[in-house]
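Subject: Structure handover

Hello,

Here is the structure we talked about. My notes on it follow below.

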Amino acid sequence: MSKKPSKGGAPALDMTPMVDLAFLLVTFFMLTASFRMAEPVTVDPPSSIGNVALPDNHILVTIDPNGRIYFGISNTTAKVNALKEMSAKYKVDFNEKQSAKFGGIPSFGVDIKDLPAYIDAKDEERKNFKGINKNGQSGVPMDTITPNNQLKDWIAIGGREAVRVYNEAKAEATASGQDFKAEKPRYAIKCDSKTKYIFVKNVVKTFTDLKIFQFNLITSLEGGGTVIEPTK
Amino acid sequence: MAEIADSGGGGHKGGKKRAKKQSTRIDMTPMVDLAFLLLTFFVLTATFSKPKSMELTFPDPNIIPEEQTKIKKGVTFLLTKDDKILYYEGEFRDKDDDKGKMTVLQELSFSRDAKNSLRAYVLKNSEEMHTKILALKKQFEADQMPDTTYKRKVREVKADKESFTYLIKTDDKATYKNVIDVIDELNYNAVGKYVMVDLIKPEFDMLIAKVGQ
């Protein structure tokens, strides 16, 4: 630093440590950031002392207070594969671009007939999406009476694809002698505190019909709670 | 490296042309601005905690035995509207018969301070189990048994036939929060056996009679 007396003005300040720190923090946050994707609906889950972290690899069914159902798969490949199968089953066509874009949508709550339009909608418009019936996001249909249980198909096909992607990744890792750390896909249910249990029950029924009995129920963490050993 | 000092030359920003040597000092302000902008962005968008969850296994509806209502040391919780929770112990009887009296539904409260709080009730029921677990824990802490044996024994105590089995039933008006609260309370008290089952018709009728439509 120059010690020559300056003719007024701001004295030169050594900013090196500050800049170092700033970049260090930027790097840290960039590397640790996991972006939360915009969810189609905001639900406020009840609190509990359960402190099992939600597995990264999951199939998520969200139920809002009105009983509308939203479906999502965390694995992009599995999601796109599932869309392909669903498209064939329900005879709804998706072009390449739509399939690719679908991979980036976390979860959706529309009839499969509305799905192409839903995918094409802009991110910020999806929340106010109006389908063919103009009744907004009506949830993934889950009629148990008429054979239009799309949720069941999504779960069955999505679950199968998620497991297949997992197995393929595992086989690949084993073949190349690498460590394989990913978890098996799990089924998660996320509901609002005010959701009537009857809606949850219907969804659980759909799962149990598919011989899926284990779930992770998403809850918010209750302050400082852990499962206690009996006190006294 | 905010400033790359040249060899003591007092280069002033304005006086470039006058200086014989060109100043090697770089204006870092834009870079610092950008760095802080990014920093702010990442700090604000960062989500640190992953959502937490509670693992739960539901029974297969096809293999629930008929005797579910006949569990001897069972407690059945009935959840209904307005965050109400009722319970009865043992077998369900919709009228007096030779085996026993008609079931009477008792009310409990989710509030922890209430006299008939759910927590106190569960705690009272699991007292015996807790004493056993505590005894095991003491042994474990005194290094009298290995970790695996301890865990196995705790599991055995929890699965013991003599300990209570809790059945959780809901009507159409109960909320998800109530269900989670009950399960939470059972988890909190380290209860081993609980299960979600469907309400049966006589139970529903009795519930309606008690709390109204």
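Is Cys191(A) buried or exposed? This is a predicted model, so what follows is computed from its coordinates. Cys191(A) counts as buried, because it has 29 C-beta neighbours inside 10 Å, and 20 or more is the threshold for that class. Cys191(A) is part of strand E5 of chain A. Leaving out residues up to four places away in sequence, Cys191(A) touches Val43(A), Pro45(A), Ile63(A) and Val200(A), and also Tyr176(B) from the other chain.

Chain A has six helices and six strands. Starting at the N terminus, their order is α-β-β-β-β-α-α-α-α-β-α-β. Of its 232 residues, 31% are buried. Among contacts in chain A with a separation of 6 or more, 68% involve residues 24 or more positions apart.

Chain B also comes to six helices and six strands, in the order α-β-β-β-β-α-α-α-β-α-β-α. It has 213 residues, of which 22% count as buried. For chain B, 59% of the contacts between residues at least 6 apart in sequence join residues at least 24 apart.

The core

The largest nonpolar core contains 63 residues. Those with the most contacts inside it come from both chains: Ile69(A), Ile189(A), Val200(A) and Val203(A), with Phe77(B) and Val179(B). Ile189(A), apart from its neighbours within four places in sequence, is in contact with Val61(A), Val200(A), Val203(A), Phe215(A), Leu217(A) and Ile218(A).

Helix H6 of chain A

Val200(A) and Val203(A) are among the buried residues of H6(A), along with Tyr197(A), Phe199(A), Val204(A), Thr206(A) and Phe207(A). An α-helix has 3.6 residues a turn, so residues three or four places apart point the same way. H6(A) covers residues 197-209, which is 13 residues, and spans 18 Å from first C-alpha to last, close to the 18 Å expected at 1.5 Å a residue.

What do the buried residues of H6(A) pack against? In chain A the partners are strand E3 (58-63), strand E4 (69-73), helix H5 (150-175) and strand E5 (186-191). In chain B they are strand E5 (165-170) and helix H5 (176-188).

Helix H5 of chain A

H5(A) has 26 residues and reaches 37 Å between its end C-alpha atoms, close to the expected 38 Å. Its buried residues are Gln150(A), Leu151(A), Lys152(A), Trp154(A), Ile155(A), Gly158(A), Gly159(A), Glu161(A), Ala162(A) and Val165(A). They pack against E3, E4, H2 and H6 of chain A. Just after the helix, Gly177(A) has a positive phi of about 70°.

The axes of H5(A) and H6(A) come within 10 Å and cross at roughly 50°, so the two helices are oblique to each other. The crossing of H5(A) and H6(A) is right-handed. Leu151(A), Lys152(A) and Ile155(A) of H5(A) meet Thr206(A), Phe207(A) and Asp209(A) of H6(A).

H5(A) also meets helix H2 (residues 76-90) of chain A, with the axes within 8 Å and a crossing angle of roughly 140°. H2(A) and H5(A) are therefore oblique as well, and H2(A) passes H5(A) in a right-handed crossing. From H2(A) the contact uses Thr77(A), Ala78(A), Asn81(A), Ala82(A), Glu85(A), Met86(A) and Lys89(A). From H5(A) it uses Asp153(A), Trp154(A), Ile157(A), Gly158(A), Glu161(A), Ala162(A) and Val165(A).

Two lysines with positive phi

Lys91(A) has a phi near 55°, which is positive in a residue other than glycine. Lys91(A) sits in the loop between H2 and helix H3 (96-102) of chain A. Lys91(A) is exposed, because 8 other C-beta atoms lie within 10 Å.

Lys211(A) is not a glycine either, and has a positive phi of about 65°. Its place is just after H6(A), in the loop between H6 and strand E6 (214-221) of chain A. How many C-beta neighbours does Lys211(A) have inside 10 Å? There are 9, so Lys211(A) counts as exposed.

Regards

Definitions and conventions:
Residues numbered from 1 in each chain as written. Chains lettered and ligands numbered in written order. Predicted model: local features only at pLDDT ≥ 70, side-chain atom pairs only at ≥ 80, totals over all residues. Helix = DSSP H or I, 4+ residues; strand = E, 2+ residues; numbered from the N terminus. Buried ≥ 20, exposed ≤ 12 C-beta atoms within 10 Å, placed from the backbone. Contact = placed C-beta atoms within 7 Å. Expected span 1.5 Å × (residues − 1). Core = buried A, V, L, I, M, F, W, Y, C linked by C-beta atoms within 7 Å. Axes fitted to C-alpha atoms, helices over the stretch in contact; angles between N-to-C directions. Parallel < 35°, antiparallel > 145°, perpendicular 65-115°, else oblique. Left-handed = near helix turned anticlockwise from the far one by under 90°.
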